[in-house]
Amino acid sequence: MLNPRPRDHGRARITLVGLGAAGASLAWRLLDAGIPFEVVEAPAGAAERSPERTWSTWGAAGPGPFGHLVRASWPRVRVVGTDGATVTADLGGWRYRSLHSTDLDRAVRERLARAGVPVHERVLTGRPPVPAVDTRPVPVPTTGRTLLWQHFLGHRVRTARPAFDVRTATLMDFRTPQPAGGVAFGYVLPTSATEALVEYTEFSPGLLTPGQYAARLREYLQRSGIGTHEVLGVETGVIPMTDAAFPASEPGVLRWGAGAGSIRPSTGYSFSTLQRQADAIVARWPDLRLPPPHRRRHLLMDSLVLRGMAEGRLGARFFVDLFARNPVQRVLGFLDGTTSPAQDLALMATSPRADMLALALAHSLPRSRGPAA
């Protein structure tokens, strides 16, 4: 696609802070719209720089304007229970897709350079110049009822013999020791019969040591029969899963991204939400306001699920049953925030009723203590 010539709409040039998933997604659209802007991004190696990451999306179409950057896609997904029982679902016309942050970063920077958009590599402290869209993370608020962490170690591996079904993405393989107050699982995205991204992931109140992550991933690789392999790359991450409200934007500065609640509380997914929000930002330009990233009913359901995991009421069986008892598009649609009220009710009807009713009752009572963590 050719870059349109930037058009000055008679408005001040905006400052875009950060080129992670949120910043890069908005930068692409600002270029398409010809809206003048500049970028402030932390230099490579700085702690403030977004880490390299694989992002996943799903549905009938590609992730916003980035379909050409998709590294791999899968027509089937599967979930494996603690006992090894497997639920495999054919996505029909949908695909589960992944793209890598390095590919998006490179493509966006090439377009910025061709369009002559200034990119200032420095760590910005304090309030950015207005008007601005600020995608920097903020301290995770502790004002919610529940705070868990999604934390993981992933290895991109190459095996000595064929070990992967290249047509199937493993979303959750619970054949791992389960933590108290959360769940743990393997996540496998194969790109060939001998190469895949394999992650050990926890949703839990506390983090592990580097040695513990390595041991858990090694144990999962052995337990799942992947066998002898070499490590081609490493990914790590810590993502908040909270039902707390994030700080509001300030006049002239739209706070957006992970620091503004774009991450789905019950899953840690955000990339599809960011694409919808980036479209909305440009559509409303220059009004720097956005609707909430998630529907209120989905946030309520997320809050119940988070509390259920933290209290040990909802574990691996809960997630396996969701996929076993519902059409896969309904489950993935809920995780993506695109389901209708009727679909949400149908989904919740397959959940453990006694536990969900108890959680709903507890949620309706006034809080008498600090947030669970």
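Author: Helix α6 (residues 316-325) holds both Asp321 and Arg317, four residues apart, which is about one turn of the helix. The model is predicted.

Reader: Why is the contact of Asp321 with Arg317 called a salt bridge?

Author: The closest N and O atoms of Asp321 and Arg317 are 3.0 Å apart. The cut-off is 4 Å between a side-chain nitrogen of Lys or Arg and a carboxyl oxygen of Asp or Glu, so the pair counts. By this rule the count comes to 27 salt bridges.

Reader: Is Asp321 buried or exposed, and how do you know?

Author: Asp321 has a relative accessible area of 14%, which is under 20%, so Asp321 is buried.

Reader: Which distant parts of the chain does the pair of Glu38 and Arg13 link?

Author: Glu38 forms a salt bridge with Arg13, with the closest N and O atoms 3.6 Å apart. Glu38 is in strand β2 (residues 37-41) and Arg13 in the segment before β1 (14-17), 25 residues apart. Glu38 is buried at 15%, whereas Arg13 is partly exposed at 44%.

Reader: What makes the pair of Phe174 and Phe185 edge-to-face?

Author: The ring centres of Phe174 and Phe185 are 5.8 Å apart, within the 6.5 Å limit for a pair, and the planes stand at 65°, over the 60 degrees required, so the pair is edge-to-face. Phe174 lies in the loop between β11 (168-173) and β12 (183-190) and Phe185 in strand β12, so the pair ties together parts eleven residues apart in sequence. Phe174 is buried at 0% relative accessibility, and Phe185 is buried at 4%. Ring pairs also link Phe174 and Phe185 with Phe203, Phe318 and Phe319 in a cluster.

Reader: Why is the aromatic pair of Trp74 and Tyr96 called tilted?

Author: By the pairing rule there are ten aromatic pairs. For Trp74 and Tyr96 the distance is 6.2 Å centre to centre, with 50° between the planes. Stacked needs under 30 degrees and edge-to-face over 60, so at 50° the pair falls in the rest, which is tilted. Trp74 is in strand β4 (residues 72-74) and Tyr96 in strand β7 (residues 95-100), 22 residues apart. Both Trp74 and Tyr96 are buried.

Reader: How do you know that the charged end of Arg111 is over the ring of Trp28?

Author: The charged end of Arg111 is 4.5 Å from the centre of the Trp28 ring. The limit is 6 Å, together with an angle within 35 degrees of the ring normal, so the pair counts as a charge over a ring. For Arg264 over the ring of Phe334, the distance to the centre is 4.6 Å.

Reader: How do you know that the span of α5 agrees with its number of residues?

Author: At 1.5 Å a residue, the 15 residues of α5 should span 21 Å, and the end C-alpha atoms are 21 Å apart, so the two agree. After α5 comes Gly312, with a positive phi near 80°.

Reader: What makes β8 and β15 edge strands?

Author: The open sheet has five strands in the order β8-β2-β1-β9-β15, with parallel pairing. β8 and β15 (253-255) each pair on one side only. β15 is joined to β9 by three bridges; at least two are needed, so these strands count as paired.

Terms used:
Residues numbered from 1 in each chain as written. Predicted model: local features only at pLDDT ≥ 70, side-chain atom pairs only at ≥ 80, totals over all residues. Heavy atoms only, no water. Phe/Tyr/Trp six-rings, centres within 6.5 Å; stacked < 30°, edge-to-face > 60°. Buried < 20%, exposed > 50% of the residue type's maximum accessible area, 1.4 Å probe, protein only. Expected span 1.5 Å × (residues − 1).
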